[in-house]
Amino acid sequence: MKLKKATIKLSVEKPENNSDSNSMYTVLHKDNTEKTSESFEDIQITEVNLKVYDTDNKLVYEETNVSGDLYSFTFELNVGIYKFEVTAKSNERDIFYGTLEETILVGENSLTIKTKFFDGTLKLNLKIGQNYSEVYAIETGQLTIESSTAESSQTYILESSDFSLAGVEKIYPLYPGMWKMKMSVNYYNKNLVEDKHVLEEEFWIYIEPSLEKFLEIIVTESEIINSLVSLPYINKVDKLQVLCNKAENKLKVTWEYDLPTAEFQVFGKESNSLYELLGTTNSTNLELKINEKNYTAIGVNVILGDKESGIEEVSIPDLNYISPLNNATDVLINSLLRWEASVPESNQLTYDIYFGVSSTPDLVISNYSDTTYEPDLSYETTYYWKVVAKNGEGGITEGPVWSFTTKKYSVYYNKIIAAGSEGVFILDETNSSSPTKVGHYLTQGRVSSLSVKDNYAYVGNYDRGIVILDVSDPYNPINVGHINTGGIVWEVFFKDNYAFVANDRSGLLILDVSDPKNSVQTSHLTLNRIYSVFAYGSYAYVCDYNDGLVIVDISDPENPLQVSQFDPSNGIGYLWRVTVVESYAFLVDNNSGLYILDVSNPENPVQLSYLELYDISDIEIKNQYAYVIIRGSGLKVIDISDPENPAIIGNINLRLSYTRDLFIKDNSAYITDDTAGLMKVDISDPENPYLVWQYDANRYYAYDVYVYQNKAFVADNFGELLIIDVSNPANPVQIGTTNQHLSPVAVQVKDNYAYLSSGGRLDVVDISNPTNPEKVGSFGIYGIAWGFFISDSYAYVPSYDYNSQTSYFYILDVSTPTQPIQTGKIEISDYIWDVFVENAYAYVAARNGLYVIDVSNPQLPNKVGNLELNYARGLYILDNFLYVANSSGVFIYDINDPASPSFIGQTWGFADDVFVIGNYAYVANLSMGISIWDISNKAAPTKLSEYQTNGMAYSIFVDGNYAYVADDYNGLVIFDVSDPYNPKLVSDMFWGTFVAACAYN
């Protein structure tokens, strides 16, 4: 039966304005006129949230208004009985609320919800004065709190046990407005019972919605002292300003006031404390030494006869410099000035920045809003800087003058640029035995090629075009341009003022690079799929995946014309590289070998010879030798003095995996490799090349990450368990590794042990000393476990055996971590991947779906349910909701019935892992990086943001405000996710691979 829909038009009625109970207070001005301040209705409401519940108290609709008419909602519901709840907020602070229960009928339903303010809180601290407590005792007392309209009041009896010398705190919820407090205390002399006395005091207190007011009352022998000022009031001071000079450690407080006979009290307040009196004066300014105090606010009270104004307060910005450190040396000239600042109640801060070569630096910019500033720096220069923070309401903090000296300029004649998964690195090879990194530029996404012309590096950013870097200063590579090529940039070759781009399926692009900062495309030639290009004379030689070698006439760069084509007779793979020397073209077929062609007539290329070699990655020609790199092997030297009879005359075996690029400078060959990093080989004797140095790229493969006690435990599939100190997420430091060839793919931590899935084992590592982790236990399983789960004293391990193509689900007793013992095991006819255990049920992700296993009896696990699902990968459970990362997104299920999960909603896009906190799901999306989703409405999750990492985001773990991502060959990446709409990269540890390298002068 189809349920009938109804339209609801709902209006929210703000609380009624009561000028007595809602007004802040009445001020008696110096002209004896009274003025009532603004009411609570004038508080700026920033959002109004509506929630609708059915008769089962299940949330059926939710909407939040943040712009436009905040107080009106229009939506549809099925007919029935519902409860409506609204909450109004002002910058996350609850202000007022209302509820309504109503029967909804077919058609249009107009509803109005009346509201009332949220209660505030009075926190009352009662104390007895020191001398008084020694002589007198409390007999009885009474505290009456009543609203200024006398509509409500509360009376409290004070017994002798209620408060003492140390004091006792009481908390009272009170409706917002002015409350009149009357306190009376009866006391007697301990040595003379007949000596009885009564003290009475009357004062006022102002309560705001959802805020706490702190009031301290001290009973002495002769009076009751409170921390508030009693009525009547006089006018407060005007134009109060507080200048905090951190260098001189003093405060200068100034204000204006028209009554010359007034006396002024100046108070200081540290965070979460009461005001303390700092000084009294009859002038309109006061200078104070603040010593070790860290005041967050300064207040001034006016006293005139028996009248007081109450405290006018100004918050003081808290300002701290970060970098460069004071008196720092060897500072890079691309360094930023960094500082941090905050102010109570989140006032908007602005900054005046002073900077220069004088010890009293000049003002360079006013009312600056950021906390970093990029100055123009030169080498070997001492600079001075100062920041003044202003909150716009009279609070000013002036920082000290700091200085730093930039490093000396070195002229590098041995500069090498290498690029890969971690961006572009500039290395100094002045030390011939070991290069030193001097500059770095982090690209977004993968790097696919690198070429240098003059002092500009053209970085192929895979399918994101070409990034142009000015590398004239090796310390400070600067992005000066970008070209969107529309394809994957495999190679860029320069000739004269033109760049020829092998742009994959987008063909051959020709760019005018006479002005690198304004490079423009001049022409385009459509080809099938090109990987390499070499320009020589009036022709460009292009490697095409389908058509072999294509020769293009480029005499007119704006009108390139194909003139010939050559398909190698023995070609069984594809042409990957081409280079041309005089009248010869040298072609590399990745799957067959080296071809040498006579191209003296470019319109009729002729094959001269063929040398069978497999897995050639790149080729360079020097004199009469061709140098080729072989994937997984090393460097071979080929004598090509007779182009018709090439012969291998030299060879060096290197520990290579996936070799990428080769370039030759003078008598050195430079090789990039996924695992080995960057290597230099001496080729001065072509028959006997030898390795000079290897620049280790810290090559790891991060498959999983788990954060525990400020340490990230990373499973490196090609190596070890890595332990990284992340107490400062912006500067993660590796502090330990197992060094036992474990090759883990998954990790979890419990107490002082890390559990690893390592091939056909579950390994246990003692991490009580994180700098020296040690394997202490192991249990053999069939196949490999890509994920597992530790709960209480059990490990739940799903594994897949490639040999038998069978999956097993193990339950291990790890109550003695050094001796894991199998308690139960079942087979599952699927490729199982991960597991999450909750309330005695294990949820197992598999290639073809999700399996639910009852593990209440660890000896007899029992499969009780399953769901069909494609490529279920990572799992997470929170508040009886199951989140399943799979090939179509993250699917959300209600698991109140564990054996039969009920689908609710999903995110979109391939998902490999998911981590959930509150209303946010953090998703690892493999090659697409990470994404953050709002799941407050689980039926329709909303993507808030995404960030493209440089690797493959396999796993994600969120701890506090930071997300830790296992990014495959890119290693560990850390994001600040305090703002889910704008995740910020905090650190990207250098676990990179180099795909290209070259030298420049």
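Good morning. I begin with strand 76, residues 841-846, which is joined to strand 77 by six bridges, the two running antiparallel. Please keep in mind that this is a predicted model.

Within this pairing, Tyr843 stands opposite Val852 of strand 77.

Is strand 77 buried or exposed? Six of the six residues in strand 77, residues 849-854, are buried, so the strand is largely enclosed by the rest of the structure. In a regular strand, side chains alternate between the two faces of the sheet. In strand 77, Gly849, Tyr851 and Ile853 point one way, while Leu850, Val852 and Asp854 point the other way, and all are buried.

I now turn to another part of the model. Four strands form an open sheet in the order 83-84-85-86, with antiparallel pairing. Which strands stand at the edges of this sheet? They are strand 83, at 913-917, and strand 86, at 942-947; each has a single partner strand, so one side of each is left without a neighbour in the sheet. On average, neighbouring strands of this sheet are turned by 20° against each other, direction ignored.

Finally, the edge strand 83 is joined to strand 84, residues 920-924, by five bridges, and the two run antiparallel. In this pair, Phe915 stands opposite Tyr922 of strand 84. Thank you.

Methods
Residues numbered from 1 in each chain as written. Predicted model: local features only at pLDDT ≥ 70, side-chain atom pairs only at ≥ 80, totals over all residues. Heavy atoms only, no water. Pairing = 2+ DSSP bridges. Axes fitted to C-alpha atoms, helices over the stretch in contact; angles between N-to-C directions. Buried < 20%, exposed > 50% of the residue type's maximum accessible area, 1.4 Å probe, protein only.
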